[in-house]
Amino acid sequence: MKVLLLENIHDAARESLVHAGFEVETRSGALDEPELIEALAGVDMVGIRSKTQVTRAVLEARPELKVVGAFCIGTNQIDLDAAAQAGTVVFNAPFSNTRSVVELALAEIISLARHLTDKSAALHAGVWDKSAKGAHEVRGRTLGIIGYGNIGAQLSVVAEAFGMHVYFYDLEDKLPLGNATQVGSLDELLATCETITLHVDGRAGNAGNFGAEQFATMRPRSLFLNLSRGFVVDLEALRDNLVSGHIAGAAVDVFPSEPKRAGDPFENCLQGIPNVILTPHVGGSTEEAQLDIGRYVSGKLRDWAVTGATTMSVNVPAVAAPTVHGGTRILHLHKNVPGVLARVNTILSEGDVNIDSQQLSTKGEFGYAVTDLASDLPANTEQRLRGLEETVEVRVIVTA
Ligand code: NAD
């Protein structure tokens, strides 16, 4: 397998793929569409981060591309439907930076409660502002988490270790960790807690759904954090509430529009307001997270190549496909229509092969069947599987 790694992916990924016997080429920057199509000649797997767009045109021009590894969290830069239709499997690293976001959120909650950034700025400017006024411990305070997913749930555990009382609101029923309490409405959460932190996902319905009305419902002198998505919060409304003193402090890591490159200028209505921490979308940006992403996604690429495993793929059905020895494995990605597995098995039985084991998983329009045989697969049987109308991709692995 030949792998192309773009966009300065952590070297741990290259090392792990080379160690697994792959031919690996690395390039530092992102490529535009024509450059990418050219660079993908003869490439089985590509590793990208957020700047490389894997479009339908790229996938159609390079049908030999088998896997896209997104060495990041988001996959908006990849046409996932076109990839599945082309039989190209996509993996990402959904959990690698969860802890990094949690640690930053907690650091900011403490910093806001103690006015740390203002105290530090004052002292840098030569002002000795020694005073306990408005400074609080977080122990015993109430934390309201909106969105109790990977990040929200982990923050809940770490905040409790600091003695905070945790409440959360989620659209779904969630298992509360530790002593956390799920409340039935956003208004109830806002009225209960004096520190509110947003960790919702990027679904379209979340656009602009935290604005003037929600800030008005918050308790006076509350703290507010958003490390989720920039488009969720009306920043003008937040500014008004900070200026009026209704909100005592805020930390914002994500913005409705963000500069494209490090070093680009940035302007925002929250600049210059006391006790406001602004960070350039670095919640998940730590060396530990980058290392973990490199290891995690390269592991997914390796497992797919060696066993056909699609566990945690974002666009095709998940099959764990444990390693087998001394046989043949058929990996069959197909359109999920009635009777397709029966047609696959009819072809196998007409080829006089005996099935040792078979796993099937379906997801939306697609099904993925992993079939193990103790014997070889006759060449015309593979051809017949390829010729099935429902077949998207067939791969045969002979296991040592
Ligand atoms: P997740 O999908 O595991 O959890 C999101 C949770 O929010 C889900 O439980 C969902 O049911 C809930 N939810 C969605 N809309 C809601 C709403 N309107 N009200 C209440 N609950 C709602 O996601 P995650 O991995 O925990 O990530 C959370 C957010 O953090 C995402 O938007 C992600 O993009 C962002 N993120 C930011 C950074 C950063 O650098 N700042 C890094 C990683 C992730």
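**Exercise 1. Find what holds on to the ligand's oxygen and nitrogen atoms.**

Start with Asp170: an N or O atom in its side chain is 2.6 Å from an oxygen atom of the ligand. That is a polar contact, a pair of N or O atoms within 3.5 Å. Before going on, note that this is a predicted model, where local features need pLDDT of at least 70, side-chain atom pairs count only at pLDDT 80 or more, and totals for chains, interfaces and linings use all residues. Residues are numbered from 1 along each chain as its sequence is written, and side-chain values use heavy atoms, with hydrogens and water left out.

Next, check the backbone. A polar backbone atom of Ile151 is 2.8 Å from an oxygen atom of the ligand, while one of Leu171 is 3.4 Å from a ligand nitrogen atom.

**Exercise 2. Describe how helix 5 packs on helix 7.**

Get the geometry first. Helix 5 (residues 98–114) and helix 7 (residues 150–161) have axes 9 Å apart, at an angle of about 50 degrees. Helices here are DSSP runs (H or I, at least four residues), numbered from the N terminus. Axes are lines fitted to C-alpha atoms over the stretch in contact, with angles running from 0 to 180 degrees between N-to-C directions.

Then name the arrangement: that angle makes helix 5 oblique to helix 7. The cut-offs are under 35 degrees for roughly parallel, over 145 for roughly antiparallel, 65 to 115 for roughly perpendicular, and oblique for the rest.

Finally, list the partners. Thr98, Arg99, Val101, Val102, Ala105 and Leu106 in helix 5 meet Asn150, Ile151, Gln154, Leu155, Val158 and Ala159 in helix 7, where contact means heavy atoms within 4.5 Å.

**Exercise 3. Which way do helix 1 and helix 11 run relative to each other?**

Take the angle: the axes of helix 1 (residues 11–19) and helix 11 (residues 287–307) cross at roughly 30 degrees and come within 7 Å. Helix 1 and helix 11 are therefore roughly parallel.

For the contact, Ala12, Ala13, Ser16 and Leu17 in helix 1 meet residues of helix 11 including Leu291, Gly294 and Arg295.

Technical notes: Helices (H or I, at least four residues) and strands (E, at least two) are DSSP runs, numbered from the N terminus. A polar contact is a pair of N or O atoms within 3.5 Å; within protein, one must be able to donate a hydrogen and the other to accept it, and residues adjacent in sequence count only if both atoms are side-chain atoms.
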